[in-house]
2 protein chains.
Amino acid sequence: MSTHLLRQFPTLKALGAVSRELRFPWSYLSTLAVTEPSSPAVKTAIPGPKSSTMKRDLNLIQNTDVVHFFVDYDRSMGNYIVDVDGNVLLDLFTQIASIPLGYNHPRIMKVLTDPVNLAAFANRPALGMYPPSEFAQILSETLLSVAPRGINQVQTMACGACSVEHALKGAFMAYRRRERGGSPPTQEEIETSLLNTPPGCPKLSVLSFKNAFHGRTMGALALSHTKWVHKLDFPSPCWPFATFPTLKYPLEEFADENNAEDARCLAEVQDKIASAKRAGQPVACVATEPMQCEGGDRYGSPNFFQGLQDICQENSIALLLDEVQTGAGASGKFWLHEHFYLRDPPNLVTFAKKMLTGGFYYTPDMRPTEGGRIFNTWTGDPSKVIMLKAVLDVIKEERLLDRTADTGIYMIEILMAAQNKYPNLLSNSRGLGSLAAVDLPDGESRDKIVGKLRSKGINVGVCGSRTMRLRSTLTLERKHIDIFADRLHAALKEM
Amino acid sequence: MSTHLLRQFPTLKALGAVSRELRFPWSYLSTLAVTEPSSPAVKTAIPGPKSSTMKRDLNLIQNTDVVHFFVDYDRSMGNYIVDVDGNVLLDLFTQIASIPLGYNHPRIMKVLTDPVNLAAFANRPALGMYPPSEFAQILSETLLSVAPRGINQVQTMACGACSVEHALKGAFMAYRRRERGGSPPTQEEIETSLLNTPPGCPKLSVLSFKNAFHGRTMGALALSHTKWVHKLDFPSPCWPFATFPTLKYPLEEFADENNAEDARCLAEVQDKIASAKRAGQPVACVATEPMQCEGGDRYGSPNFFQGLQDICQENSIALLLDEVQTGAGASGKFWLHEHFYLRDPPNLVTFAKKMLTGGFYYTPDMRPTEGGRIFNTWTGDPSKVIMLKAVLDVIKEERLLDRTADTGIYMIEILMAAQNKYPNLLSNSRGLGSLAAVDLPDGESRDKIVGKLRSKGINVGVCGSRTMRLRSTLTLERKHIDIFADRLHAALKEM
């Protein structure tokens, strides 16, 4: 085990030592009691005839160009997804990284069949006005039990994009509150806020990063810079963005270059903050993923994020870390940013996907001082929080963070071995826990190998322009990775 | 039965005739089998001691200034909500108008306890990539079975605000597609779209209306103009808005004035469209609620909406009707805009709340021509669509649209009677189906009577600056309204 990742993340280095000792116990963690298939089984082309018919039908109702195949969710189990044509695939994309424990996990089934929970599913409340009994306790036992260190405020939301949108509001309010120095808003501010004009709707901005992705609603989309299909034709606030570091791996080998790259990007952040201020559109918040996913699985260094926090604090700007895809244990720690050893908690941490509910954590200075500021009818869904409780219990009971760190290390070993064997096809094997990726020479070859893997019973995703993206559940085991390795080599041989 | 509403809406006039015949059958529609309390029962001040303790606890985690009370959702039943202190209230606000059939409805319970549905609740898919088996059929039997006349395209979303955000994209894409005249986007458009700048992110706008409310994400919020707490301190695109007609009731009595008001507002819409174009920010979409809810339960006339559609069509601008609060049968027709007899379907119709899932309908010209344009990880939640199926079945089987139209007429009779008895306190009784409202002299007296009603076991809402807002389920019966009438008169007597 000597990949660049251990060098890149000091924490992982420690974890690597631990996980070697803990390498085998997972295999007899039979408490999962998930009856998974023993291996993939592909009977038809994918999409098969039934999927194709269903796609044609659905296409009469909405654009289905990105539908991959139709799923038999009754028969999907654990880490295996079963399509409507009966094809059984090992799922290493898991609904765009949003399935924490696998399909039809028995503990989730238990939640769904326990009469105690029925009312929570039957009656979705207007959570901000009429919360359910003991809601503070429910939040304490779930979302707050895994809150980033030093944070004890949380707001649920319905989806990832809404979480980002409302998290930004915390930053905007904090910024203006500071500017007012304790005074209440003026009558002019109150009146102009209804007119979409300053000073009520101030010319503030959010600094994001090239290749970032934060969601598809207008505010979140203004922070996103990955694909034109996300953005073309949609008006956008002209907010600034800076360059996210493009690091070379192993970090140590390129230490000077990487440090220089970090410094260059941090200097650009400072420049953009200064120029936004000069342009009369000051930055209230810096928003970034702790690792760019949609943008191509691009890791930054702890050094970079520590520097980013310094800049934010020096300029009284909120730091938002968008952990929608990287949270909930995906990296082998509960939040990916734990790998960065930040001095203080980020001001805003958004989540969704594997957390089953959207939402965000925030430091006290981001908390609204008036009621109804962060609000909508549903603001989340308590039934999802109840399901999350089961997920968190299983993560804890089965030590899935350690297990995910371990399987992640094994996945990198497998990818590195393949990369060493096929250096003209694979490069930049990288990953943390359930997050793993490898680059192909170009988009065409990437798509080709993804198709070959699918036909061999492995479902994977893509990101960036030429990256194969792997996103497993937290219950993946080494035996699954062995199956993946086998099919990967078979696919590479055919390339 | 001679309220202004019958005069205002020709449809309702017809419905009124029908509903008089159908006045009584509802009382023995026992198929509901909901064991409701027979009347409200208030034991403590509201919020009571348990609610107050829970509020204090929750306030440590998030701002709870707008929490009314904590709810015992296990014990809430039908049209009655039970709080954690054991107070039983007739609920005429129903989670901000989002409960279609009442609490713990047996048909919803049946969905939740049917093993056939378990997988849909256990495995939330990335719907745009991996839809469940027969998803087209599921949509056909649910959302499309109640689609606005002439519309056969639908997209699910997670919440109301996201529905508006993504519906707007349909309009923006259609506008730019037309401008391109069939040509593909240029390289410059594709590149600049990632930079938040024109031509990729064009200077297009959406025209909304004063007192409108469409949601809290950046795009939806730019269309909203009701309360400063929604908007203050948040940057906003400076999109134009026009005046929504302030009509006098009964319409016939003020026919000349109202026609003049409609004409004045429509002329203003035309002016704003023209001036936005001159300012280099042309209007791609006109967005409006068919009745402004949050803004104070303000009805427009069929005349106004027909005129609005004419203007949109003349200018090749999409018309978005936001039926998040008014759809799903709330008005006595499935969509409130059915009362307007528009010549053509609106281009975009958004929904959420009583529909249990967010989403929007759209005409074929709004349909994206590329995949992945209207997309996010979840794009809704099929488990909510399955619950919606039960709701729609009950609406149909129990003829709840007719019943809602009927109870709505009765509600107006009750409000008018109270208004006639207390003309100094009540004015402008108005409503359609489950949507009803009456004005108080000012916000203070409005809040006072809302508090008095609550202490007498009736939960109601507010909107605008001085309006009491009633939003019942579709299963409300005349017997419930009689209880409301009794408590309303008792409260008015104390004022």
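This is a predicted model: local features need pLDDT of at least 70, side-chain atom pairs count only at pLDDT 80 or more; totals for chains, interfaces and linings use all residues.
How much area is buried between domain 1 of chain A and domain 2 of chain A? About 1000 Å², with carbon and sulfur atoms giving 63% of it; buried area here is the accessible area (1.4 Å probe) that two parts lose on being put together, summed over both.

Residues are numbered from 1 along each chain as its sequence is written, chains are lettered from A and ligands numbered from 1 in the order in which they are written, and side-chain values use heavy atoms, with hydrogens and water left out.

**Stop 1: the domains.** Select 20-49, 410-468 and 487-495 of chain A for domain 1, then 118-395 for domain 2; the bounds come from an automatic or database domain assignment. Their C-alpha centres sit 31 Å apart. Now show A:Arg430, A:Leu432 and A:Leu435, which supply 51% of the area domain 1 buries against domain 2, more than any other three residues.

**Stop 2: the chain partner.** Bring up chain B: 121 residues of chain A are in contact (heavy atoms within 4.5 Å) with 121 residues of chain B. The two chains bury about 10600 Å² between them, 60% of it on carbon and sulfur atoms.

**Stop 3: a salt bridge.** Zoom to A:Asp233 and B:Arg373, whose side chains meet in a salt bridge at 3.4 Å, N to O. The rule (a side-chain nitrogen of Lys or Arg within 4 Å of a carboxyl oxygen of Asp or Glu) finds 8 across this interface.
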